[in-house]
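Please look over the sequence and the model below before reading on.

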Amino acid sequence: MNSQIEISVETTYLSSESIPEENKYYFLYTVSIKNNSKNGAKLLSWHWIIKDDNGKTQDVKGEGVIGEQPHIEPGEEFQYTSGTMIETSLGTMKGSYQMIDDDDNYFDALIPEFVLTVPRIIH
């Protein structure tokens, strides 16, 4: 079932919320979770590993996403946007969602590593 859940992420650097001189870089990430299985699945909780370019790692866990535990029907996709702050202009995130399918099987859906980076300005 695990590989039947397809996860993709798009990131945006939020310069309006960031304060580079205080080592605060804020990023939005939009996650798309597509259920390619024949069973519905409910997202129960999440686990993120966030690393900055200094090697600092944040290991964070929580229940649901954006205040809900979405049930994703076969063939459907759930999308949400959240944010994170790191201390460098470059970092990575990866993790997993803990899910349960309609047959009461618990499983982890892996979130592939993606990059958080401030766009370079070319003059």
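Helices (H or I, at least four residues) and strands (E, at least two) are DSSP runs, numbered here from the N terminus. With that convention, D102 is found in the loop between strand 7 (90–101) and strand 8 (106–117). The model is a predicted one, in which local features need pLDDT of at least 70 and side-chain atom pairs count only at pLDDT 80 or more, while totals for chains, interfaces and linings use all residues. Residues are numbered from 1 along each chain as its sequence is written, and side-chain values use heavy atoms, with hydrogens and water left out.

Taken along the principal axes, the box filled by the C-alpha atoms is roughly 55 × 30 × 25 Å. A contact means heavy atoms within 4.5 Å, and among contacts between residues at least 6 apart in sequence, 66% join residues at least 24 apart. The accessible surface, computed by the Shrake-Rupley method with a 1.4 Å probe and, for residues, with only the protein chains shown counting as cover, comes to about 7,200 Å², of which 46% belongs to carbon and sulfur atoms. For single residues, buried means under 20% relative accessible area, exposed means over 50%, and partly exposed lies in between, again with a 1.4 Å probe and protein chains only; buried residues make up 37% of the 123 residues in the chain.

Turning to charge, Lys and Arg count as positive and Asp and Glu as negative, whereas His and the chain ends are not counted. The place of a charge is taken as NZ of Lys, CZ of Arg, CG of Asp or CD of Glu, and the mean positions of the 9 positive and 20 negative charges are 5 Å apart. A salt bridge is a side-chain nitrogen of Lys or Arg within 4 Å of a carboxyl oxygen of Asp or Glu, and a search of the whole structure finds two of them.

One of the salt bridges joins the side chains of K24 and E22, with 3.6 Å from N to O. K24 is partly exposed because its relative accessible area is 34%, and E22 is also placed in the partly exposed class, with 46%. K56 forms a salt bridge with E87, and here the closest N and O atoms are 2.9 Å apart. This pair links distant parts of the chain, 31 residues apart, since K56 sits in the loop between strand 3 (41–52) and strand 4 (57–63), and E87 in the loop between strand 6 (77–86) and strand 7. Both partners are partly exposed, K56 at 40% relative accessible area and E87 at 35%.

Which residues form a negative surface patch? The patch is formed by E73, E76, D102, D103 and D104; patches are made of residues with over 30% relative accessible area and no salt bridge, like charges being joined within 9 Å and nonpolar side chains (Val, Leu, Ile, Met, Phe, Trp, Tyr) within 5 Å. D102 counts as partly exposed because its relative accessibility is 43%. D104, found in the loop between strand 7 and strand 8, counts as exposed because its relative accessibility is 59%, and D104 has a positive phi of about 65 degrees although it is not a glycine. A positive phi, of about 40 degrees, also belongs to the non-glycine residue I66, whose place is in the loop between strand 4 and strand 5 (71–72).

D102 is also touched by H71, whose contacts beyond four places in sequence are G40, A41, K42 and D102.

Y26, in strand 2 (residues 25–35), is instead partly exposed, with a relative accessible area of 27%. With the same exclusion of sequence neighbours, Y26 touches residues including T12, Y13, L14, G83 and M85. The C-alpha atoms of Y26 and E87 are separated by 8.8 Å, while the residues are 61 apart along the chain.
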